[in-house]
Amino acid sequence: MYQTEEFTLLPCTECTKHQVKVKVPLPLLQSALHSRKFSVNTLRFPCPPLPQGTASLSVPLVLKFASHTFVSMENPQFPHVGEVIDGVDMRAEVGVLTRNILIKGETENTCYLEKECQFFSYDTFGGHIKILKNFTSVHLSYVELKQMGQQQIGSYPVHFHLCGDVDEKGGYTFKTYLEGLAIHHCFSRCVTVHATNGLLIKDTIGYDTLGHCFFIEDGIEQRNTLFHNLGLVTKPGTLLPTDRNSSMCIGIRDKVYGSYVPVPATDCMAVSTFWISHPNNHLINNAAAGSQDAGIWYLFHRVATGDSHSLAIETKSELTPLGIFYNNRVHSNFKAGLFIDKGVKTTNASADDPREYLCLDNNARFRPHQDADPEKPRVAALIDRLISFKNNDHGAWVRGGDILIQNSGFADNGIGLTFASDGSFPNDEGASQEVSESLFIGESKNYGFQGGQNKYVGTGGIDNKTRTLPRNRTFPIRGFQIYDGPIHLTKCTFKNFVPTPDRFTSAVGFLMKNPWQMTPKNNISFVKFGPNVSLKAFFGKPGPWFEEGDLDGDKNSIFHDLDGSVTDYRDTYVGRMDNYLIQHPKCINITEWSGVVCSGNYAQVYVQTWNGQNLSMTIVRDEYPANPMVLRGINQRAAAFQQYQPVVMLQKGYTIHWNGKAPNVTYLYLINFSKNDWVRVGLCYQQKTDFLIVLETFQRRSSALSSKVERYMPVSSMMELEKNRSDKKFYFDNSTGLLFLFLQAKYNRDGHSYCSSQGCERIKIVTKDSSKGICNCMAKAYPKYYQVPTIIKQMPGKTTVPCTKCGTTQMVFTSDPHRNYLLVQVNSSDEKESSKGQQAFIYVNNTIFSFKDNGILIVVVDACTGTVLGNKLFSGVDIRRVDGYLKSGIPQRSIVLLSTRGDVAIPNNLAEALMSLGTAKPPYLQSNGSLAFLGFRGNIKPSWIKLFTSPAGHGLVQIEKYIPLQLEEYGCARAIKSRQKDLELLKKAARSH
């Protein structure tokens, strides 16, 4: 974070259209290139037309950001990545800040307004542009805005204020747009879209600004399109609680009620580069990096806020389907790359709720339906092509449903992706979330660089090198995190999850310190783990970050391995090793996961208690009475009721006990029970208790009961109770204090719903017991009701055949998905490494060219098609002929890969031959040692050319590179224009009115 740098752009006649030249001291430049810290390939972002001979967009240097004409110190402070690494596009963004038209606010040299001077040392009172309703046309193109905006509501660099519909729907023949703006070093946001619909914001840069940058304000704005915009270094501001950092949050209290002190983590600390307050807006090809909190944040206003509140417009934002989300990238943000969750407080501060108006609030859940009507079918929100890396906390945090994430890449995040459900039963409608065709990298070969806000450094990764860390060295890195569910993880690949002595690093993990529910309907299938995944799944251990791991959700962590691609045991469930509610005698412990693999069928019993003290509930499986599970309950101590939700194996018996007086009213809901599924439960009460027990069907949406209520009648023995499980009978064993009954589902359950299609089946138990004794019947219950452990569903055999359909079908996840890439690897080993078994080989798109004899191997690939044209091994005296082959034996437009094996005597004239294939000057080559080379035969020198050498005895030399194919600059014939989905989606967005 905060490693963005500015440089002056220089004329460059020799640059390609993907290169620029920047002003850097020559000695530093040479040193940097020699040490290979700098890269030559970056992402293109918008700029105005440049003079002839000046290249437009990418740089042959280490830049996240470039081109500013008022820079006095231009020594690079940080290395910047310019490559696709481990399959994820981590190339630095480059944008040009200067424009021919400059609008600049006039400011004083120092801060002078007392309120702002608490937090800023400079003047924050700049200029602003406000566009009001009923304009004739607004088309703002390629303008530079600097020192604009003010730390007061309504004054922003560009502000569309209450404009209504500004596209064809509003009567405008030509859609209103902003294009190619450079908004930088500004004092309040970048572009504010306020009660305005149908605006196009395209090719615009927002850099080094205060408060939410691209800001959709009141929660009613729809059909706005953000296309190919770049936001960098979004810093906290003072205007709204969600703009503020911790010190601002606590320090600004003029709008709270009474003496309330805001809580930064829950009231504030949400400043985002893209702040999207209504889902029906379109984000295509955008990038957000270096935000104090989030890159892209979707939130949901339950009612219109601000000036729009008086319009009485119903937002329905929680129910509205998501607009287009395609090919966006988020990195180097602190809280999250992408965040979909929460809302804002929509009432003024009061004695009942002293928090400030528009502070962050946990009151909204995204559940999109057709026409925003909850009675109509769900419409799954699609997140297509998200690239997320180097975010401290979360690559993406996504709550709600249905939500699909596909074709996405996650790397070097604290936690790659977390799915959180719509809510907790009984409010949750049973929505689902799925991620597919995606790649998760735990710790890549992008080691990072300390500085800016990168505070944490330690060793890690597959080579245990020093690298920046998302938190401290003990933070448990996870690729995919399960919270509650139901989730589906399928067709995904995991790489480079290697624990260290300091931390657990796992491909799949669980939310730590989780008090919530966990559904056994979480399922995983067709996943692939690379060779450097040491910990496929991890359930936590007592200690740092996990604490005691004794909250209800921690104990009930579980997922269904549908096809055995995680455990090698098809159709099994994986839970915590100490959870005996889900086990049987043939379960398999995996100690390093703290997990157990079991066969069976599972559901949940949701226990809700009223009119009792706040109790802990102990649930025991009759087969494992020595291993009870104690649940604290989900709600806070002041709640009117408490709730518990254990996962249970079906067709088994359980008893339930309390650490105080049994509740007067208890509800038992059947969650994730299919028709005829059952368990037997025995609840502990005082002796001689009287009961009223009924079966009800509860409609969650209307909070109404069905007209038919069936009453349970008592029987005198367990034998009579067990005659027919579907009868509405109960048996109270007065000698033990246990009330027994069967929970059996009458109706079918549809889709991902927790309850049946007829509603939620629940048993209501009411007592009038006034005694105050502790209702724990375990000592009397066992061994009387002990059952010998049995297996209902046999464990499958271990899968030994590799899964050929597992993992993502995509090899690389880039921000230019219309382009094809070729993965190549070159491994060169000297005599010492070869004797250790280290292979020398060249890899090209799933084909390995290896060689056992010492010598030089060359593979030639067509740069237009990716086809291997040939491979040739030179050994012994033939090594002298390598230079001739490289100079004359390789056709134009060819990628050349060269590997060595053993202590090869490098020919003297090889350096000259390599220069003909792209090295900048004749390289110095060791007379005996290892050499790995990646070059190009053609009329240009691509940025991806690499050469690594090593003296004999100094280890393995390796190159891994993703090479773009079929570029015109290679000399390839112009291909039939490939379908660019982003441009098609931009047209679709324009028609969305």
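At 3% relative accessible area, cysteine 163 counts as buried, and cysteine 186 is buried at 2% (buried is under 20%, exposed over 50%, partly exposed in between, with a 1.4 Å probe and protein chains only). The model is a predicted one, where local features need pLDDT of at least 70, side-chain atom pairs count only at pLDDT 80 or more, and totals for chains, interfaces and linings use all residues. Numbering runs from 1 along each chain as its sequence is written, and side-chain values use heavy atoms, leaving out hydrogens and water.

Across the whole structure, a search turns up 8 disulfides. One of them joins cysteine 684 to cysteine 777, S to S 1.8 Å, and is right-handed with 70° about the S-S bond. Cysteine 684 belongs to strand β52 (residues 678-684) and cysteine 777 to the loop between β59 (760-767) and α7 (778-781), so the pair ties together parts 93 residues apart in sequence (helices, H or I, of at least four residues and strands, E, of at least two are DSSP runs numbered from the N terminus). Both cysteine 684 and cysteine 777 are buried.

Another disulfide links cysteine 803 and cysteine 806, S to S 2.1 Å, and is right-handed with 90° about the S-S bond. Here cysteine 803 is partly exposed at 40% relative accessible area, while cysteine 806 is buried at 10%.

Key
Disulfide = S-S within 2.5 Å.
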